[in-house]
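Please keep the sequence and the structure in view while reading.

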Amino acid sequence: MKRSVLTRYRVMAYVTAVMLLVLCACMVAKYGFDTGKDLTLVVSQIHGVLYIIYLVFAFDLGSKAKWKFGKLLWVLISGTIPTAAFFVERKVVREVEPLVAEGAPQTAKV
């Protein structure tokens, strides 16, 4: 497996998680303090688009890592639970890193 597959998953996991936290803050402002309705709309749409990109990259990583359906589903859903993507991303990297290292071309030592 190429390192770029893992890297793009990691980037999107962080971006999606941060945007979800921003969206939660916007929702608190909108419903708790009756302010920021337009900002909430914009942030929710941006998060939605980023989440779709996250789904594509996570599915690509899962198919290359040959995950079972339950694990893949948990990774895909973690982008909808605030802060879950941070923890799931760390666990995924620990599990997938050996696959990336195994797929790397070996250089001859002289």
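## The loop between α3 and α4

Thr83 is placed in the loop between α3 and α4 (84-103), where helices are DSSP runs of H or I with at least four residues, strands are runs of E with at least two, and both are numbered from the N terminus. Thr83 is partly exposed, with a relative accessible area of 34%; here buried means under 20% relative accessible area, exposed means over 50%, and partly exposed lies in between, for a 1.4 Å probe and protein chains only. Computed along the sequence Thr83 and Lys66 are 17 residues apart, and from C-alpha to C-alpha they are 25 Å apart in space.

Ile81 also lies in the loop between α3 and α4, and this residue is partly exposed at a relative accessible area of 35%. Between Ile81 and Glu95, which are 14 residues apart along the chain, the C-alpha atoms are separated by 21 Å.

## Basis of the model

This is a predicted model, in which local features need pLDDT of at least 70 and side-chain atom pairs count only at pLDDT 80 or more, while totals for chains, interfaces and linings use all residues. Residues are numbered from 1 along each chain as its sequence is written, and side-chain values use heavy atoms, with hydrogens and water left out.

## Two loop residues with positive phi

Most residues other than glycine have a negative phi. Against that background, Asp34 has a phi near 55°, a positive value in a residue other than glycine. Asp34 belongs to the loop between α1 and α2, and it is exposed, with a relative accessible area of 59%.

Lys66, which is not a glycine either, has a positive phi of about 60°. Its place is in the loop between α2 and α3, and with a relative accessible area of 69% Lys66 is exposed.

Helix α1 (residues 3-33) and helix α2 (residues 37-65) pack with their axes 8 Å apart and at an angle of about 155°; the axes are lines fitted to C-alpha atoms, for helices over the stretch in contact, and the angles run from 0 to 180 degrees between N-to-C directions. That angle makes α1 roughly antiparallel to α2, since angles over 145 degrees count as roughly antiparallel, those under 35 as roughly parallel, those from 65 to 115 as roughly perpendicular, and the rest as oblique. The crossing of α1 and α2 is left-handed, a term used if the near helix is turned anticlockwise from the far one by less than a right angle, with right-handed used if it is turned clockwise. In the contact of α1 with α2, the residues divide into 22 nonpolar, 4 polar and 5 charged, where Ala, Val, Leu, Ile, Met, Phe, Trp, Tyr, Cys and Pro count as nonpolar, Asp, Glu, Lys and Arg as charged, and the others, Gly among them, as polar.

For α2 and α3, the packing angle is about 155° and the axes are 9 Å apart, and these helices are therefore roughly antiparallel to each other. The crossing in which α2 passes α3 is right-handed.

## Residues within the helices

In helix α3 (residues 69-77), the buried residues are Leu72, Val75 and Leu76. Seen down the axis of α3, these buried residues fall within an arc of 100°, so they line one face of the helix; the arc is that of the directions from the helix axis to the C-beta atoms. An α-helix has 3.6 residues a turn, so residues three or four places apart point the same way.

Leu23 is found in helix α1 and is buried, with a relative accessible area of 13%. The C-alpha atoms of Leu23 and Ile53 are separated by 17 Å, and the two residues are 30 apart along the chain. Arg3 lies in helix α1 as well, but is partly exposed, at a relative accessible area of 44%. Although Arg3 and Val100 are 97 residues apart along the chain, their C-alpha atoms are separated by 5.8 Å.

## Spans taken from UniProt

An unreviewed UniProt entry lists residues 6-94 for "domain: DUF3817"; such positions are given in the numbering used here, with feature names shortened, and the annotations may be inferred rather than shown by experiment. In the model, residues 6-94 are 87% helix and 0% strand, with end C-alpha atoms 11 Å apart.

For "transmembrane region", the unreviewed entry lists residues 12-33 and 39-57. Residues 12-33 are 100% helix and 0% strand, with 30 Å between the end C-alpha atoms, and residues 39-57 are 100% helix and 0% strand, with end C-alpha atoms 27 Å apart.
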